Amino acid sequence: EETSDNTSLSQLNLKIGFIGAGKMAQAICKGFIISKLIKAENVSASSTGMNTSNVESMKNIGVRMANSNADVMHSSDIIIIAVKPHIVSTVLQEINCIEMKSKLFVSVAAGITLEKIEELLPKNTRAIRVMPNTPCLVQCGASVCSPGSSATKEDCDMIVKLMSSIGICHVAPERLLNGVTGLSGSGPAYVFQMVEAMSDGGVKQGLPRDLATKLAAQTLMGAAKMVLETGLHPGALKDAVTSPGGTTISGLHELEKGGLRAALMCAVEAAAKRASELS
Ligand code: NAD
């Protein structure tokens with residue numbers, strides 16, 4: 001079913017344009033092309049400064065580098081804005097004069113609200129905001145998208161389908177996006193800290209650093225996969241590996257003493273609060 005759905009999307013011959021050709025644009029674009037949802041020849045991108053490594057990477061994926069943002073606008077049905085948040089209003093003002101009725105506008109910029117985006121675009125422009133995260137770079141992202149006031153259900157379905165080519169993508173109202181930012185947006189960094197700390201623990205037990213880091217990362221990935229694939233409650237999965245009087249419960253007791261759960265809840269809360277201050 002997945003294949004026939006993908007075929008139907010690529011048969012639409014949708015033209016996609018990226019304004020900004022940095023890390024996020026490349027990750028998203030790669031996913032669309034590798035998954036065959038979109039043909040490389042239908043993708044264009046623009047970037048200022050023409051930072052050669054970004055331009056080279058885009059060209060290697062088969063993407064046409066346009067001379068201007070206006071060029072990308074003219075040649076695309078879906079425009080993905082992937083510049084840094086503080087550049088968004090400049091870019092939107094620059095392309096505001098272009099006919100936009102038939103186009104869908106997508107922003108991945110953190111903290112830039114739909115209200116702000118819609119205010120800077122012609123009235124009734126179809127817009128969708130997406131909050132992705134860095135694992136999109138390895139096709140394992142977690143994204144949430146929120147439709148603007150003029151976006152249709154079909155627009156939203158299409159963006160979910162496209163973003164699902166580089167991970168999972170869910171739809172949620174925009175008021176939840178700060179929480180999403182605190183959890184999945186900032187979450188990879190929390191996990192990097194956990195990997196580093198677990199690796200330190202292994203090194204303290206005499207393991208070589210390389211092995212310790214690999215074991216830590218694989219363990220986190222494997223456990224996460226079990227949660228996603230079994231659909232079981234994480235507490236039930238924890239209970240299943242915790243034998244009475246065994247090794248794991250001794251380790252878990254230390255995590256409770258160290259306040260791991262409270263620390264993670266506070267981390268999500270603090271990052272969400274910061275996101276709300278920035279938007
Ligand atoms: P980046 O610095 O790697 O890329 C930015 C790109 O924008 C560059 O190619 C640059 O040349 C281009 N650019 C700058 N000014 C421009 C202009 N006026 N017109 C056209 N292009 C211009 O940044 P990134 O990490 O890819 O982030 C892009 C957006 O994605 C940000 O708004 C960020 O909030 C969002 N985002 C990124 C991540 C992430 O993990 N990197 C996660 C969530 C959201």
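The structure is a predicted model, in which local features need pLDDT of at least 70, side-chain atom pairs count only at pLDDT 80 or more, and totals for chains, interfaces and linings use all residues. Residues are numbered from 1 along each chain as its sequence is written, and side-chain values use heavy atoms, with hydrogens and water left out.

**The chain**

- The chain has 13 helices and eight strands; these are DSSP runs numbered from the N terminus, with helices being H or I of at least four residues and strands being E of at least two.
- Along the principal axes, the C-alpha atoms of the chain fill a box of roughly 70 × 40 × 35 Å.
- Of the 279 residues in the chain, 41% are buried, where buried means under 20% relative accessible area, exposed means over 50%, and partly exposed lies in between (1.4 Å probe, protein chains only).

**The ligand site**

- The ligand is surrounded by 23 residues, and the closest are Ala 21, Met 24, Val 83, Ala 110 and Thr 134; a residue is near a molecule if one of its heavy atoms lies within 4 Å of it.
- By class, this shell holds 13 nonpolar, eight polar and two charged residues. Ala, Val, Leu, Ile, Met, Phe, Trp, Tyr, Cys and Pro count as nonpolar, Asp, Glu, Lys and Arg as charged, and the others, Gly among them, as polar.
- The ligand takes up the space of the second largest pocket. A pocket is an open set of points on a 1 Å grid over the protein atoms alone, where a 1.4 Å probe fits, with protein on both sides within 12 Å along at least five of seven lines. A molecule sits in a pocket if more than half of its atoms lie within 2 Å of its grid points.

- A polar contact is a pair of N or O atoms within 3.5 Å.
- A backbone N or O atom of Val 83 is 2.6 Å from an oxygen atom of the ligand.
- Ser 47 has a polar side-chain atom 3.4 Å from an oxygen atom of the ligand.
- A polar backbone atom of Pro 85 lies 3.4 Å from an oxygen atom of the ligand.
- On its own the ligand has 830 Å² of accessible area, and the protein covers 84% of this; accessible areas come from the Shrake-Rupley method with a 1.4 Å probe.

**Loop residues with positive phi**

- Lys 36 is in the loop between helix 2 (23–34) and strand 2 (43–46). Its phi is near 65°, a positive value in a residue other than glycine. Lys 36 counts as exposed because its relative accessible area is 62%.
- Gln 139 is in the loop between strand 6 (126–131) and strand 7 (141–147). Its phi is positive, about 55°, although Gln 139 is not a glycine. Gln 139 is partly exposed, at 36% relative accessible area.

**Other residues and their distances**

- Ala 127, in strand 6, is buried, with 1% relative accessibility. Its C-alpha atom is 5.1 Å from that of Gly 148, 21 residues apart along the chain.
- Ala 172 is in the loop between strand 8 (167–171) and helix 8 (177–185). Its relative accessibility is 14%, so Ala 172 counts as buried. The C-alpha atoms of Ala 172 and Ser 146, 26 residues apart along the chain, are separated by 5.5 Å.
- Gln 205 is in the loop between helix 9 (187–204) and helix 10 (209–230), and is exposed at 66% relative accessible area. Its C-alpha atom is 22 Å from that of Ser 243, 38 residues apart along the chain.

Methods: Polar contact = N/O pair within 3.5 Å; in protein donor to acceptor, adjacent residues only side chain to side chain. 1 Å grid on protein atoms, 1.4 Å probe; cavity = no way out; pocket = protein on both sides within 12 Å on 5 of 7 lines; lining within 4 Å.
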